[in-house]
Each structure stands twice: as C-alpha cells, then as structure tokens.
Amino acid sequence: MSAPHVLSQPLEFDALKVPLDAGVTLVEASAGTGKTFAITRLVMRLLLEQKVENLSRILVVTFTEKATQELVTRIRATLRLAERVFGDNPPARDRASDDLFVLRDRHGTAGRAIIQSALGSLDDLAVSTIHGFCQRILAESALESRIPFRTSFIEDETEPFQRAARDWARTRLLDNPDDATLIVGAGESIEGWVKQLVGPYRRHQKTKIEFNPESREQTLLADFVETVDSTFESEKTRRHLMDFDDLLRKLSTVLGAEGPHGPLATRIRARFGAALIDEFQDTDQTQFPIFSNAFHGCPLF
C-alpha cells in the first residue's frame with residue numbers, strides 16, 4: 001500500500017480544477033474570499049463528475065444556523081442558473097455564469113439531466129451545523145453509537161446550570177457566613193460565574209484547576225466550578241440528557257475507538273459519499289476525528 005500523497009507546499013485553490021479524489025483537502029481562506037461560492041461549485045462538480053450518485057449523498061456542514069440557510073439558498077440559486085446554462089437557450093455568458101459555462105463545455109449536454117435531477121431533490125440536500133449533523137447521526141444510529149434510546153438533547157443549558165449554581169449557594173453559603181459575605185462584597189452574582197468560569201472550564205476536557213488553598217477567594221471559586229460542573233453532569237446522567245458538546249464528544253469517541261472501518265463510520269458512508277465542511281474548527285481536537293473517520297476513502301474538503 002502506498003503512502004498518501006501530501007503536498008509540501010500549498011497550491012492556489014481553484015474550485016473548478018482541484019482534484020475530487022478521496023482524501024482530505026484543506027482549503028485555507030479568509031473571510032470574503034469566496035468560500036460559499038467554492039462550496040456551490042464543488043457540489044456541482046461532485047454531481048457532474050459522478051463522484052456521488054445524487055444530491056442527498058453530499059453532506060455540507062457549517063458553523064451556524066444562519067449560515068446553513070445561506071448555503072441552501074446559494075446552492076439552489078447555482079443549480080437554477082446551471083439549468084439555464086445547460087439548457088437549449090442559455091443566458092448571455094457573464095461573470096456570474098462564466099464558470100458554469102466552463103462546466104458545460106467540459107461535460108456537454110449530458111450534465112443537464114443531472115442538474116435537473118438535483119433541482120428536483122433539493123429537499124434531500126443535507127446542510128446542517130456540526131451539532132445538527134452529530135445529533136442526526138446519533139439519533140439515526142443509536143445502536144452503532146451505543147447511546148440510550150430515551151436520550152434527550154438539551155438545546156439550552158442555561159436553566160440546568162443556573163439550578164446547579166443555586167444548589168451550590170444553598171449548600172455552601174447558608175452555614176458559612178464568611179463565604180457568603182465574601183461573595184456579597186464582591187458584588188457579582190453566582191449566575192454570572194457560570195458563563196465566566198464554568199463555560200470556559202467545560203470547553204477544555206481534562207482541565208485541572210490549580211489554586212492557592214490558603215486563598216479563601218480561590219478556594220471558593222474552584223469549589224464553585226467543580227461542583228456546578230459535576231452537578232450538571234449528574235443531572236444529565238440521571239435524566240438521560242445530552243448537550244451540544246456531548247454530541248461531538250460521543251460521536252468523536254465512538255468513531256475514534258472503532259476507526260474508519262467500524263460499524264458507525266460504515267453506516268455514515270452508506271448515507272453520504274462526500275463532505276464539505278465550511279468554517280471547520282481545526283483547533284478543536286474533537287471535530288477532526290469525526291470527519292476523518294466517517295469519510296475515510298471519500299472526498300472530504
């Protein structure tokens with residue numbers, strides 16, 4: 001088996017020329033340089049070059065719900081323009097349609113049926129946030145992902161965290177007037193500490209809090225963070241709940257343990273044959289194993 005080909009130097013990206021080979025293609029681009037445009041053209045090429053059988057076999061993942069709607073709108077508009085370009089009476093060739101005429105010259109009239117089929121199946125296009133994708137996979141593949149069937153997903157964690165913070169206050173402060181006086185004197189609410197302290201703590205797995213045990217303030221804050229975090233986790237376990245971060249961690253853990261040829265990765269590839277990840281969080285060590293395992297042997301941008 002030959003080693004995978006890795007470029008030592010980056011190349012200028014051209015959505016109409018970049019190879020659609022199996023494997024990972026990393027595209028680095030700043031804001032406003034045409035990422036969404038590139039995605040729409042890659043979708044066109046995946047269909048026209050028959051790297052996937054139909055539109056439903058392409059997964060597009062982006063960062064926010066607003067961005068998902070924009071991508072759906074742009075892909076729909078591109079397909080409609082392409083239908084006209086590939087038709088018997090194409091519009092005048094201009095800057096907006098020039099690349100589509102390039103694709104027509106490359107694929108000929110045979111591409112018309114593919115584009116019309118894609119337009120008829122736009123509702124099957126899978127565009128979602130990464131959390132939406134993970135939730136869908138875990139819900140559809142409960143056996144492969146080994147999560148309880150009764151699991152519910154928490155979209156808003158505010159109330160469970162605030163409840164855990166209030167429980168901590170009642171337990172810690174009612175019989176400790178010195179601690180209560182210290183918090184009141186600081187002039188900050190314990191609810192505010194959830195966002196300021198617990199949130200950042202939870203975003204980094206295996207974080208260890210270091211503090212000076214001789215400092216009442218540091219001891220108090222450390223106890224707050226660790227207690228609120230553990231209380232929230234206990235509630236989730238007891239009630240079979242998962243939050244957004246759990247979705248990513250669970251899917252990444254299972255795919256990482258099973259590898260690219262395991263049951264879950266195989267099931268995902270049976271559903272999707274290519275993936276385009278917009279706004280990929282490459283500093284997040286949880287996300288990359290999800291896609292590199294799930295789309296092993298597929299075009300992955």
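**What the words rest on**

Modeller: Start with two helices: H1 and H4 cross in the right-handed sense. Bear in mind that this is a predicted model.

Biologist: Which residues make that contact?

Modeller: On H1 they are Met44, Leu47 and Leu48, and on H4 they are Gly111, Ile114, Ile115 and Ala118. By class, the residues of the contact of H1 with H4 are 6 nonpolar, 1 polar and no charged.

Biologist: What makes H1 oblique to H2?

Modeller: The axes of H1 and H2 (residues 65-85) come within 10 Å and cross at roughly 50°. Roughly parallel would need an angle under 35 degrees, and roughly perpendicular starts at 65, so H1 is oblique to H2. The crossing of H1 with H2 is right-handed. Among the residues in this contact are Phe37, Met44 and Leu47 of H1, and Leu71, Ile75 and Leu79 of H2. The contact of H1 with H2 holds 9 nonpolar, 3 polar and 3 charged residues.

Biologist: How do you know whether Gly262 is buried or exposed?

Modeller: Gly262 has 7% relative accessibility. Buried means under 20%, so Gly262 counts as buried. Gly262 sits in the loop between H11 and H12. Its C-alpha atom is 9.2 Å from that of Ala294, although the two residues are 32 apart along the chain.

Biologist: Which residues of H13 are buried?

Modeller: In H13 (residues 287-294), the buried ones are Gln287, Ile290, Phe291, Asn293 and Ala294. The elements covering them include E2, H5, H11, H12, E6 and E7.

Biologist: What makes you say that both faces of strand E3 are covered?

Modeller: In a regular strand, side chains alternate between the two faces of the sheet. In E3 (residues 126-129), Ala126 and Ser128 lie on one side, Val127 and Thr129 on the other, and all four are buried.

Biologist: How do you know that E2 and E3 pair?

Modeller: Pairing takes at least two bridges. Strand E2 (residues 58-62) and E3 have 4 bridges, in the parallel sense. Within that pairing, Val61 stands opposite Ser128 in E3.

Technical notes
Residues numbered from 1 in each chain as written. Predicted model: local features only at pLDDT ≥ 70, side-chain atom pairs only at ≥ 80, totals over all residues. Heavy atoms only, no water. Buried < 20%, exposed > 50% of the residue type's maximum accessible area, 1.4 Å probe, protein only. Axes fitted to C-alpha atoms, helices over the stretch in contact; angles between N-to-C directions. Parallel < 35°, antiparallel > 145°, perpendicular 65-115°, else oblique. Left-handed = near helix turned anticlockwise from the far one by under 90°. Contact = heavy atoms within 4.5 Å. Nonpolar A, V, L, I, M, F, W, Y, C, P; charged D, E, K, R; others polar.
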